[in-house]
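Subject: Handing over a structure, with notes on what was found

Dear colleague,

I am passing on the structure below, and I would be grateful if you could read it alongside the notes that follow. They take up the ligand site and then the packing of helices.

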Amino acid sequence: MRTPFVVGNWKLHKTIAESLALVTELKNQLGSLREVAVGVAPPFTALHAVAKRVEDSSLAVAAQDCFWEEKGAFTGEVAPAMLRDAGCTWAIIGHSERRQFFGDTDEAVGKKVKAALAAGLGVIACVGETLAQRDGGATFQIVEQHLAGAVSDLDAAVVDRVVIAYEPVWAIGTGRTATPAQAQEVHAFIRSWLGKQLGAAAAASIRIQYGGSVKPDNAALLMREPDIDGALVGGASLQAADFVAICRAAKPS
Ligand code: PGA
């Protein structure tokens, strides 16, 4: 019922030329893949060129962040409508690296989610605990706090443009993936929280991606879990062969 969604988060990697080379390979290799939605999140500088290149394909283009204001004296920021103008249809919001290095609070994440949705973008809202929080038994509390900040009072009309990414911080870029059971446990918690806040229909339709060291050799088992609906892929999305293998592994069996 939920089409899996796999998105490559390129982070601070790739020139425009490198971005075009990678996305062209993805377009060629993923053209025949059905039943999985695929997107890429290049750096801001490459968004427009990449969006043009994939115009005639089903690949979606996501920004890695956005600001909540539409315009004004906000040096360095990019507004949701500007991202749409550049050809984006999605924005990743609240990634743990934004929270850790750039001070994105739950409040800021909530404002960004609202602004992005209001501008017509889809949103991938990231949630997830650090290792200290997991070891301290606070995983569900942190995930709930992130969810409350990001998506607590959404209009039913926009939920089809909302995706949650569960990304345990201890698994991001570390090579240490959550086990399928660990991930499923939190995904099920997220879905039940969504049910209480947004209603059963929204909870059943919102896709929940797993992120954190997803690789070709661990993707299939993660994707088999009932509440894991795709992946947000960092390191392994920078090589076409690895990312294509992960996208294929997300196909429902
Ligand atoms: P990773 O990053 O796949 O390199 O662990 C995932 C992410 O940060 O979205």
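Helices and strands here are DSSP runs, of at least four residues (H or I) for a helix and at least two (E) for a strand, and they are numbered from the N terminus. With that naming, Lys11 sits in the loop that runs between strand 1 (5-9) and helix 1 (16-30). Please bear in mind throughout that this is a predicted model.

The ligand site

The ligand is surrounded by 13 residues, and the closest are Lys11, His95, Glu167, Gly173 and Ser213. Lys11 places a polar side-chain atom 2.7 Å from an oxygen atom of the ligand, and the backbone of Lys11 has a positive phi of about 50°, although Lys11 is not a glycine. His95 also takes part through its side chain, where an N or O atom is 2.6 Å from an oxygen atom of the ligand. In the case of Gly235, a backbone N or O atom lies 2.8 Å from an oxygen atom of the ligand.

Ser213, which is one of the closest residues to the ligand, belongs to the loop between strand 7 (207-211) and helix 10, and it has a positive phi of about 55° without being a glycine. The backbone oxygen of Ser213 lies 3.3 Å from a polar side-chain atom of Thr177, a residue found in the loop between strand 6 (162-166) and helix 8. The side chain of Thr177 is also joined to the side chain of Asn218 by a polar contact of 3.0 Å. Leaving aside residues up to four places away in sequence, Thr177 touches Trp170, Ala171, Tyr210, Gly212, Ser213, Asn218 and Leu222.

Helix packing

On the helix 7 side the contact is made by Thr139, Phe140, Val143, Glu144, Leu147, Ala148 and Val151, which meet Glu185, Val186, Phe189, Ile190, Trp193, Leu194 and Leu198 in helix 8. By class, the residues of this contact are 11 nonpolar, one polar and two charged.

Helix 7 also packs with helix 5 (residues 106-118), at an angle of about 40° and with the axes 6 Å apart, which makes helix 5 oblique to helix 7. Here Asp106, Val109, Gly110 and Val113 in helix 5 meet Gln145, His146, Gly149, Ala150 and Val151 in helix 7, and the contact has four nonpolar, four polar and one charged residues.

How are helix 10 (residues 216-223) and helix 11 (residues 240-249) arranged, in angle and in distance between their axes? They pack at an angle of about 15°, with their axes 8 Å apart, and helix 10 is therefore roughly parallel to helix 11. The crossing of helix 10 and helix 11 is right-handed. Pro216, Ala219, Ala220 and Met223 in helix 10 meet Asp242, Ala245, Ile246 and Ala249 in helix 11, and the residues of that contact divide into seven nonpolar, no polar and one charged.

With kind regards

Technical notes. Residues are numbered from 1 along each chain as its sequence is written. This is a predicted model: local features need pLDDT of at least 70, side-chain atom pairs count only at pLDDT 80 or more; totals for chains, interfaces and linings use all residues. Side-chain values use heavy atoms; hydrogens and water are left out. Contact means heavy atoms within 4.5 Å. Ala, Val, Leu, Ile, Met, Phe, Trp, Tyr, Cys and Pro count as nonpolar, Asp, Glu, Lys and Arg as charged, and the others, Gly among them, as polar. A residue is near a molecule or strand if one of its heavy atoms lies within 4 Å of it. A polar contact is a pair of N or O atoms within 3.5 Å; within protein, one must be able to donate a hydrogen and the other to accept it, and residues adjacent in sequence count only if both atoms are side-chain atoms. Axes are lines fitted to C-alpha atoms, for helices over the stretch in contact, and angles run from 0 to 180 degrees between N-to-C directions. Angles under 35 degrees count as roughly parallel, over 145 as roughly antiparallel, 65 to 115 as roughly perpendicular and the rest as oblique. A crossing is left-handed if the near helix is turned anticlockwise from the far one by less than a right angle, and right-handed if clockwise.
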